[in-house]
Amino acid sequence: MAILGIDEVGRGPWAGPLVVGACVLHGEIEGLTDSKKLSAKRRAGLNEVILAEASWGLGWVSAAELDEIGLAAALRRAAIEAVSKVDCRYEEIMIDGTVNFLAETGKGRYVTTLAKADLLIPAVSAASIIAKVARDQYMTDAAEKYPEYGFEKHVGYGTKMHRQALCKHGICPEHRKSFRPIAELIGVDLKRNVVKNTTLTGGQAEEKVAEYLEGLGHEVVARNWKTRWCEIDIVSMHERKMYFTEVKYRRDFKHGSGLEAVGVEKLRRMKFAAESYMKFRGGELEPLLAVASVSGIDFRVEDFLILQ
């Protein structure tokens, strides 16, 4: 009796897609087991055999789609896509776990769910292997585009390395903003959909502005320089000028842009801070006051304005 095995990979990571594999074996493939119990080399070898000798399909849901529709709907969507690509006959459908992803489809009544099916049922093992190999490769490719996160090492899971990268660089388009660990790291209250951790978000906004200024050719010489009476977010030098930049972050523009937050009193304090720094440092560089406006949970630098 031919079994269509189904398994998912990527339910819990903080970044990257959710992938569901579906597979029907046409003969015995030695060494099949839960993909997590195999070395990367062994998985890759079995993956080649499965793709060549079995009928299979993969279903993908991106991080952005997952944020939009939720995890449960994403699992259903990916499973339906994966099954639609399997072009052979089968008599039974076996899904790893306890949830029937196909319950709302015409195939739902043929489904059996089984915990540890990826360890016990060869077709499900094969599905888990092709899904994991495909997703791991996707994250390795993503690491080339976003090298600062180390995706090739942790493939999006919540490791210490990943958390440290997030604290330093903020998020990228591969991150799942609806997942609580990411929401907490970027300071978003999921229930109220508002920023709540101003210290962390401020630091991430300043990091993005520092990178932006360096891209313009600035040398960042100080971050969060402060005295008893004043503070400067970023001090940078460029073409014989010293820039004193105030960083203003807004999650959205409901309450105006970050630039609008710099009023007369703030400008006075910035000028005092700049004068204090120049006395502290010495030199003949021309001082300039500036403000950078950062917005969104991906911390985009929207504007950089020289005030004087």
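Let's start with strand β3: 5 of its 7 residues are buried, so β3 is largely enclosed by the rest of the structure. Buried here means under 20% relative accessible area, exposed means over 50%, and partly exposed is in between, with a 1.4 Å probe and protein chains only. Strands (E, at least two residues) and helices (H or I, at least four) are DSSP runs, numbered from the N terminus.

A word on the model itself. It is predicted, so local features need pLDDT of at least 70 and side-chain atom pairs count only at pLDDT 80 or more, while totals for chains, interfaces and linings use all residues. Residues are numbered from 1 along each chain as its sequence is written, and side-chain values use heavy atoms, with hydrogens and water left out.

Now for the overall picture. The chain has 10 helices and 12 strands, and 50% of its 308 residues count as buried. Its accessible surface comes to about 15600 Å², with 51% of that belonging to carbon and sulfur atoms; the areas come from the Shrake-Rupley method with a 1.4 Å probe, and for residues only the protein chains shown count as cover. Among contacts with a separation of 6 or more, 58% are between residues 24 or more positions apart, where contact means heavy atoms within 4.5 Å.

Back to β3 and its sheet. This open sheet of 5 strands runs in the order β3-β2-β1-β4-β5, with mixed pairing. The edge strands are β3 and β5, each pairing on one side only, and the twist averages 20° from one strand to the next. Two strands pair if DSSP finds at least two bridges between them. Strand β2 (residues 18–24) and β3 are antiparallel over 7 bridges, with Val 24 opposite Ser 55 in β3. On the other hand, β4 and β5 run parallel and are joined by 4 bridges; here Ile 93 stands opposite Val 111 in β5. Helix α3 packs on this sheet, touching β1, β2 and β3, and its direction makes about 150° with that of β3. Such angles run from 0 to 180 degrees between N-to-C directions, with axes as lines fitted to C-alpha atoms, for helices over the stretch in contact.

The packing brings us to the nonpolar cores. A nonpolar core is a set of buried Ala, Val, Leu, Ile, Met, Phe, Trp, Tyr and Cys residues joined through side-chain atoms within 4.5 Å. The largest has 22 residues, and those with the most contacts inside it are Leu 4, Ile 6 and Ile 93. Two or more residues come from each of β1 (3–9), β2, α3 (71–84) and β4 (92–96), and α3 gives the most, with 6 residues. Apart from this core lies another, of 18 residues, among them Val 19, Leu 25, Ala 127 and Ile 130. Leaving aside residues up to four places away in sequence, Ile 93 touches Leu 4, Ile 6, Leu 102, Lys 107, Tyr 110, Val 111 and Thr 112.

Strand β3 also takes part in an aromatic pair. The structure holds 5 aromatic pairs, and in one of them Trp 60 and Tyr 138 are tilted, at 5.9 Å centre to centre and 45° between the planes. Trp 60 lies in β3 (residues 55–61) and Tyr 138 in helix α5 (residues 122–145), so the pair ties together parts that are 78 residues apart in sequence. Rings of Phe, Tyr and Trp (its six-membered ring) pair if their centres lie within 6.5 Å; planes under 30 degrees apart are stacked, over 60 edge-to-face, and the rest tilted. Both partners are partly exposed: Trp 60 has a relative accessible area of 29%, and Tyr 138 has 30%.

Strands β9 (residues 231–238) and β10 (residues 241–250) pair in the antiparallel sense over 5 bridges, and His 238 has Lys 241 as its bridge partner in β10.

The loop between β9 and β10 holds Glu 239, an exposed residue with a relative accessible area of 60%. Its phi is positive, near 50°, in a residue other than glycine. Lys 116, in the loop between β5 and α4 (117–120), has a positive phi of about 65° although it is not a glycine. Lys 116 counts as exposed at 56% relative accessibility.
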